[in-house]
Amino acid sequence: MKKQFKEYDEETLKKLQKLELEILKDFIKVCEEHQLVYFGIAGTGIGALRHKGFIPWDDDIDVAMPREDYDKLMGYIDEEYSDKYIVLNAERYPNYPLMTTRLCLKGTEFKEEALKEIDAPMGIFLDIYAYDKVSDDPKEAKKQAWDAWFWSKVLILRSIPFPMLGFTGIKKKIVHLICGIVHILMVIFRISKKWIHKKAYEATTRFNHYEKTLKWNYICDTDPYISTYNVADIFPLQKLQYEDIMMNFPGNIHANLTNMYGDYMQLPPEEKRKNHYPYALKFPEQ
């Protein structure tokens, strides 16, 4: 089978990973200096457990924070690192169509194929996910998940008429036709990107005023439930080796990784090894 990603040459990938690791180190420094909670997630967790660093073919780092700590981090980055980094998210740059935040290194460029037409300062980055509280009431949680997921996908569709899909064939053609029509209608009727983002943000933060909930989630993922964490599985945090540093991970990260990937300690077949090989890549000038 054909691989699902383009391959970096070894030198380029190592250079990219080295820069991303430097961004991570700055991020951790800010978090530790200001006592902010953070933890590695998803492929970064697999990398730590299986490889003690990057998954060999991977080209990004994923970290998460409780929303309260994330909001504080944004202020500290503005105060202490505005000369070095751009905080890229839909709140600050309405053309950016995702609900994640990227800490982008100034003087660089990293633009994936799916986002190549987006007018936003996309540089080599650290992916930051704000985790929000999920209601302990199943009906409230289900409605929250649907609302946040729906509006986050509308936000993508407002900027990208034919988004990346996880399937092919006639189903893909039909879905892309519908997506294209919806995109055109939103453009014609001038549906505001800021308004859509506000709807998604309201849904995902809906229960953050609760003192405590049993679960946290990044609800705007491809699946609204795949990134759910039981709070009891997060704390106490544990330190794991990641390349040449020690960083925080959930105490029971195994539970979440199993939910997301199944037997994550087994290497996937080569044709399923994915990365974010960019349409445009620029390193800082030496």
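Just after helix α8, glycine 262 takes a positive phi of about 75°. I open with this residue of our predicted model, and I shall now go back along the chain into the helix itself.

Helix α8 covers residues 253-261. Which of its residues are buried? They are Ile253, Asn256, Leu257 and Met260. Seen down the axis of α8, these buried residues fall within an arc of 95°, and they therefore line one face of the helix. What does that face pack against? The buried residues of α8 pack against several elements: the strands β1 (39-40), β8 (229-230), β9 (238-242) and β10 (245-249), together with the helices α2 and α7 (231-234).

Let me take one of these neighbours, helix α2, which spans residues 42-51. The axes of α2 and α8 are 10 Å apart, and the two helices pack at an angle of about 120°. The crossing of α2 past α8 is left-handed. On the α2 side, the contact is made by Ala42, Gly43, Gly45, Ile46 and Leu49; on the α8 side, by Ile253, Leu257, Met260 and Tyr261. Sorted by class, this contact has seven nonpolar residues, two polar ones and no charged ones.

Is alanine 42 buried or exposed? Its relative accessible area is 10%, which is under the 20% limit, so alanine 42 counts as buried. Lysine 52 also has a positive phi in a residue other than glycine, in this case near 55°. Lysine 52 lies in the loop between α2 and β2.

With a relative accessible area of 27%, leucine 237 is partly exposed. Which residues does leucine 237 touch, leaving aside those up to four places away in sequence? They are Val37, Tyr38, Phe39, Asn248, Phe249, Pro250 and Gly251. As for distance, the C-alpha atoms of leucine 237 and glutamine 266 are separated by 24 Å, while the two residues are 29 positions apart along the chain.

We come now to the strands, and in particular to β6, residues 125-134. How many of its residues are buried? Ten of the ten are, and the strand is mostly covered.

With strand β2, residues 62-66, β6 runs parallel, and five bridges join the two. Within this pairing, proline 66 has tyrosine 131 of β6 as its bridge partner.

With strand β4, residues 101-105, β6 pairs in the antiparallel sense over four bridges. Here cysteine 104 is partnered by phenylalanine 125 in β6.

With strand β7, residues 215-217, the sense is again antiparallel, and there are three bridges. Aspartate 132 finds its bridge partner in asparagine 217 of β7.

Aspartate 132 also leads us to helix α6. Threonine 204 touches aspartate 132, along with Arg67, Lys133, Gln144, Ala148 and Ile219, not counting residues up to four places away in sequence. Threonine 204 is found in α6, which spans residues 193-204. At 3% relative accessibility, threonine 204 counts as buried.

Where is it found? Proline 163 sits in the loop between α4 (138-159) and α5 (169-188). Although it belongs to a loop, proline 163 is buried, with a relative accessible area of 15%. The residues that proline 163 touches are Ile156, Leu157, His176 and Cys179, again not counting those up to four places away in sequence.

To close, I return to two points. The buried residues of α8 line one face of that helix, and strand β6 has ten of its ten residues buried.

Terms used:
Residues numbered from 1 in each chain as written. Predicted model: local features only at pLDDT ≥ 70, side-chain atom pairs only at ≥ 80, totals over all residues. Heavy atoms only, no water. Buried < 20%, exposed > 50% of the residue type's maximum accessible area, 1.4 Å probe, protein only. Pairing = 2+ DSSP bridges. Axes fitted to C-alpha atoms, helices over the stretch in contact; angles between N-to-C directions. Left-handed = near helix turned anticlockwise from the far one by under 90°. Contact = heavy atoms within 4.5 Å. Nonpolar A, V, L, I, M, F, W, Y, C, P; charged D, E, K, R; others polar. Arc of directions from axis to C-beta.
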